[in-house]
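Hello,

Here is the structure for you to look over. My notes follow below it.

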Amino acid sequence: NLAKVFVGRDAELAAIAAYLSDGPARPLVVSGASGSGKSALMASAATRAGEAHGRGALAVRFVGATAAASAGRRLLGDLCRQIGERYGADDPVPDDLQELTELLPQRMALATAEHPLLVFIDAVNQLPSGDPARRLAWLPAELPDHCKVVVSTIPGDTLDAAASRSPEMLEVVPF
């Protein structure tokens, strides 16, 4: 729904598209103040990426939008399951956050040139304050080949954690 009514932000969309096409093997961190339009931008960028990279796998999560995307372990477990299903890895997914942190890059490494993996996770700052996943240790600093990850957050502790994992930043300023 956010993508349907999205207008503008051509420079930001172009920056995300350029990252997805030929960006570094690190996550892209989209940051901006609450209400600046990050979620709509993420939805539009993910929709466009899905259309442009139709042969690949697209995983999109909006933290806080559903129960499965509101806690770190469930978010990561669901991502690992979806990626595994897309690439034929049907082994069980653990419930432990540390094991999920180790499994996620392994699942991302299943991506191929013919079937790239694009992951969008909006509002990582909405993970609960006591959730260890909020520190983003699960976010690989270096991504496997053929995998791109875009996360968004507001300024604060999660932006600091994301910046320590990746220097690739895109700031969204209010209109």
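Which helix gives the most to the lining of the largest pocket? Helix 1 does, with three residues.

First, the ground rules. This is a predicted model: local features need pLDDT of at least 70, side-chain atom pairs count only at pLDDT 80 or more, and totals for chains, interfaces and linings use all residues. Residues are numbered from 1 along each chain as its sequence is written, and side-chain values use heavy atoms, with hydrogens and water left out.

**The pocket**

The largest pocket holds about 180 Å³ of space. A pocket here is an open set of points on a 1 Å grid over the protein atoms alone, where a 1.4 Å probe fits, with protein on both sides within 12 Å along at least five of seven lines. Lining residues have an atom within 4 Å of a point. Points are joined across faces, edges and corners, and the volume is the space filled by probe spheres set on them.

The largest pocket has 14 lining residues. Closest to its centre are Leu20, Ser21, Pro116, His146 and Lys148. Helix 1 (10–22), strand 3 (117–122) and strand 4 (147–153) each supply at least two lining residues. Helices (H or I, at least four residues) and strands (E, at least two) are DSSP runs, numbered from the N terminus.

By class, the lining has six nonpolar, four polar and four charged residues. Nonpolar covers Ala, Val, Leu, Ile, Met, Phe, Trp, Tyr, Cys and Pro; charged covers Asp, Glu, Lys and Arg; the others, Gly among them, count as polar.

**Positive phi**

Histidine 146 has a positive phi of about 70°, although it is not a glycine. It sits in the loop between strand 3 and strand 4. Histidine 146 is partly exposed, at 40% relative accessibility. The scale is: buried under 20% relative accessible area, exposed over 50%, partly exposed in between (1.4 Å probe, protein chains only).

Alanine 123 is in the loop between strand 3 and strand 4. Its phi is near 65°, again positive in a residue other than glycine. Alanine 123 is buried, at 7% relative accessible area.

**The core**

The largest nonpolar core has 49 residues. Such a core is a set of buried Ala, Val, Leu, Ile, Met, Phe, Trp, Tyr and Cys residues joined through side-chain atoms within 4.5 Å. Ile16, Leu117, Phe120, Ile121, Trp138 and Val150 have the most contacts inside it. In soluble globular proteins, nonpolar side chains tend to be buried together.

Take isoleucine 16 in helix 1. It is buried, at 1% relative accessibility. Leaving out residues up to four places away in sequence, isoleucine 16 touches Leu28, Val30, Leu41, Ala45, Phe120, Val150 and Leu170. Contact means heavy atoms within 4.5 Å. Isoleucine 16 and valine 30 are 14 residues apart in sequence and 9.1 Å apart in space, C-alpha to C-alpha.

**Strand residues**

Leucine 170 is in strand 5 (residues 169–171). It is buried, at 14% relative accessible area. Beyond four places in sequence, leucine 170 contacts Glu12, Ala15, Ile16, Leu28, Val29, Val30 and Ser31.

Serine 31 lies in strand 1 (residues 28–31). Serine 31 is buried too, at 8%. Beyond four places in sequence, its contacts are Lys38, Thr153, Leu159, Leu170, Glu171 and Val172.

Leucine 58 belongs to strand 2 (residues 57–62). It is partly exposed, at 31% relative accessibility. Beyond four places in sequence, leucine 58 contacts Ala46, Gly50, Gln82, Leu118 and Phe120.

**Cysteines**

How many disulfides are there? The count is zero. A disulfide would need a pair of cysteine sulfur atoms within 2.5 Å. The sulfur of cysteine 80 is 11 Å from the closest cysteine sulfur, in cysteine 147, so it is too far for a bond. Cysteine 80 is buried, at 0% relative accessibility. Cysteine 147 is buried as well, at 2% relative accessible area.

Best wishes
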